[in-house]
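Please look through the sequence and the structure shown here before reading on.

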Amino acid sequence: MSTRERRSILSTPIWFFMVIVFITQLDGGAVPTMLPSITRTFGLTTMGSSWVVGLYTLGLVVGTPITSNLSDAHGTRKVFLWELAFWFLGCLMTAVSPNYAIMLLGRFIQSLGDSGIMVLSMNVLLQRARRNNQGRKVSTVGIIAGLSAMVSPVLSGMLLGITHGWRAYYFMMLPFLTILFILAWFMMGDSQTDRDWKTDYLGLGSFSIALALLMVAITFLQYGTTYLALIIGCLLVAVVAGAVFLVHERNLGDAKDTMPFLPIRLLKLPSYGLTLLLGTLGGMFFSLFVYIPTYVHSVFGLPVRSAGMVMVGVGLGSVVGSWLGGLLVDKFGYRTTLVFSSSLIGLMALVITLTLHNLQIFMVLSFLMGVGMGSMMSSPLQVIAGRLAGPENRMQAIGGLSACKKIGTTIAPLLFASAIELGKVGGQAGLTSYRNMFLVVIVIALVNIGLTYCIPFSQKEVADD
C-alpha cells in the first residue's frame, strides 16, 4: 500500500467500516432462521440444506486469503469495492434464484464478497491504533459482529413472519449495499500501491484448489463411507495442488515483480504456525453452538424456535468477551488473554457436563462460555498475526488466520457428531451424548492452553508497526 493510499484509508471514519461489518455479518445469523423456508421452497434433502451453509463457508475459506493478497498487491480501496460488488451480485442472484443451483451460485458469490470485509476492516484498525491500543481497536470488529449476530435472527424472523418468504431478506440487503458502495467510492479516496505488482496466479490457483478440495473432503466425511471415492479423490488432488503451491512459493521468494501469495517468511515462523493452529481450534469452539438448540429442544422439550433463542445469551456473552479480550490484550498481553479465555471456556464446559439437566444454569454458563469465546477470537490472535507480519504482510497474515478459523468450524462438527453418536442410547441422543460433546470442548481448551505456552515469541519475531 502506498503512503498516499494509507493516508486516504486512515482518514476514512471508523464508523463506516463498522457499518459495513454489521451489514455483511447479518447473513450468518439470518440463514439458520430462514433455512427451513429455503428447504421447503426447493424441496431439499438434509444434504441439500447443509450446502446452503457449507458452500458459503467454502467461499469464505478460499476467498479470505485471496482477498488479503490482492489487497496488498492492488490496494485496499479497489478490493473493498469489488467485495461490495460481489456481495450485491450474490444477494441479487440469491433473491431472484429460480432454482437451487442458481441460489447456491449466488450464495457462493456472496461469500466471496464477504470473505475480505472483516480482514480489511481489522487491518485498517491495526494501522490506526497505537501499539498499546491495538487490542481494543481490533476488538471493535468482534463487538460489531457479535451485535450483528444477535440482531440477524430477530430481523430475518420478522421478515419471514411478514412476507412468509425468505427472499425478502436478500431484497432488503440490496439498497443498503448500494449505499455502502457509493459511500466507499467517495470516502476511501485513491487506490494506489508503491509498486506495480504482478498477481501470483499460480500460487493463487494452486492454493485455492488445495484448500477447496480439502474442505469438500472434510464436508463429505460427515456422511461416512458413502462418498469414499470422492473423498479420496479430493484429498489426492489437494495434496498435489498443495505441493505445487509450496514449491512455487518457495521459488518465488526472490522475485522482484511478483508478490508471493503467502510469504514463506511467515510460514517458517513457528510462532505464526502455532497461531494458525490456535485459530483452527478457536473455530472449533464456535461450531459447538450449532448443537445447542438441538440439545435444548431434545432434553427440555422446547420448540425449535424457542430453543434457538438460547443463543441470544451466547451472542451477548461474545459481545462482552470481545470488549474484554481487547482490554486484556492491551493491559496484560496476548498470552495471558488466550490462557484466560481458554480456561474460561474449559471451566464452563466442565460445569455444564455436571449440570446438563438444569436449563437455567446452562443459560448462565453458556453466556460465560460466550465471553470466553469472544475474548479469544476478537483480538489476541489478530494482534499476534499482525505484529509477526509487520505492515508489509499484515493483510496476508490475518487472512491466513481467518481461513484457519473457518477450517476449524468445518472440522469440528465431525468431532461433536461423533461424540454425540457414541453417547446415544437406543438410537436417541440424551444427556450422555451431550456430556460427551462438552468433554471434547474441555480437551480442545486444554490443548489451546498448552499451545499458547508453546508459542516462542521473540523480540525479533514481533515486528513493530
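**A walk through the predicted model**

His-164 is exposed, because its relative accessible area is 68%, where exposed means over 50% relative accessible area, buried means under 20%, and partly exposed lies in between (1.4 Å probe, protein chains only). The phi angle of His-164 is near 60°, a positive value in a residue other than glycine, and His-164 sits in the loop between helix 8 (134–163) and helix 9; helices here are DSSP runs of H or I with at least four residues, numbered from the N terminus. The model is a predicted one, in which local features need pLDDT of at least 70 and side-chain atom pairs count only at pLDDT 80 or more, while totals for chains, interfaces and linings use all residues. Residues are numbered from 1 along each chain as its sequence is written, and side-chain values use heavy atoms, with hydrogens and water left out.

Helix 9 (residues 167–187) holds Phe-171, which counts as partly exposed because its relative accessibility is 40%. Together with Leu-92 and Val-96, Phe-171 forms a nonpolar patch on the surface, and the three have about 240 Å² of accessible area together. Such a patch is made of residues with over 30% relative accessible area and no salt bridge, nonpolar side chains (Val, Leu, Ile, Met, Phe, Trp, Tyr) being joined within 5 Å and like charges within 9 Å. The areas come from the Shrake-Rupley method with a 1.4 Å probe, and for residues only the protein chains shown count as cover.

How many salt bridges does a search of the whole structure find? The search finds one, a salt bridge being a side-chain nitrogen of Lys or Arg within 4 Å of a carboxyl oxygen of Asp or Glu. In this salt bridge the side chains of Asp-27 and Arg-107 meet, at 2.9 Å from N to O. The pair links distant parts of the chain, since Asp-27 belongs to helix 3 (residues 26–42) and Arg-107 to helix 6 (residues 100–114), 80 residues apart. Side chains of opposite charge can pair when their charged atoms come close. Asp-27 counts as buried because its relative accessibility is 2%, and Arg-107 is likewise buried, with a relative accessible area of 2%.

The search of the whole structure also finds one cavity of 30 Å³ or more, and the largest cavity has a volume of about 30 Å³. A cavity is a set of points, on a 1 Å grid over the protein atoms alone, where a 1.4 Å probe fits but cannot get out, and lining residues have an atom within 4 Å of a point. Grid points are joined across faces, edges and corners, and the volume is the space filled by probe spheres set on the points. Which residues line the largest cavity? They are Trp-51, Gly-54, Leu-58, Met-215, Val-216 and Thr-219, and helix 4 (46–74) and helix 10 (201–221) each supply at least two residues of this lining. The lining divides into four nonpolar residues, two polar and no charged, where Ala, Val, Leu, Ile, Met, Phe, Trp, Tyr, Cys and Pro count as nonpolar, Asp, Glu, Lys and Arg as charged, and the others, Gly among them, as polar.

Asp-200, in the loop between helix 9 and helix 10, counts as buried because its relative accessibility is 2%; Asp-200 and Asn-69 are 131 residues apart in sequence and 9.0 Å apart in space, C-alpha to C-alpha. Asn-123, in helix 7 (residues 117–128), is buried with a relative accessible area of 4%, and its C-alpha atom is separated by 9.8 Å from that of Gly-399, 276 residues apart along the chain. Ile-292, found in helix 14 (residues 292–300), is buried at a relative accessible area of 2%, and Ile-292 and Tyr-434 are 9.1 Å apart in space, C-alpha to C-alpha, and 142 residues apart in sequence.

Definitions and conventions
On a 1 Å grid over the protein atoms alone, a cavity is a set of points where a 1.4 Å probe fits but cannot get out, and a pocket is an open set with protein on both sides within 12 Å along at least five of seven lines; lining residues have an atom within 4 Å of a point.
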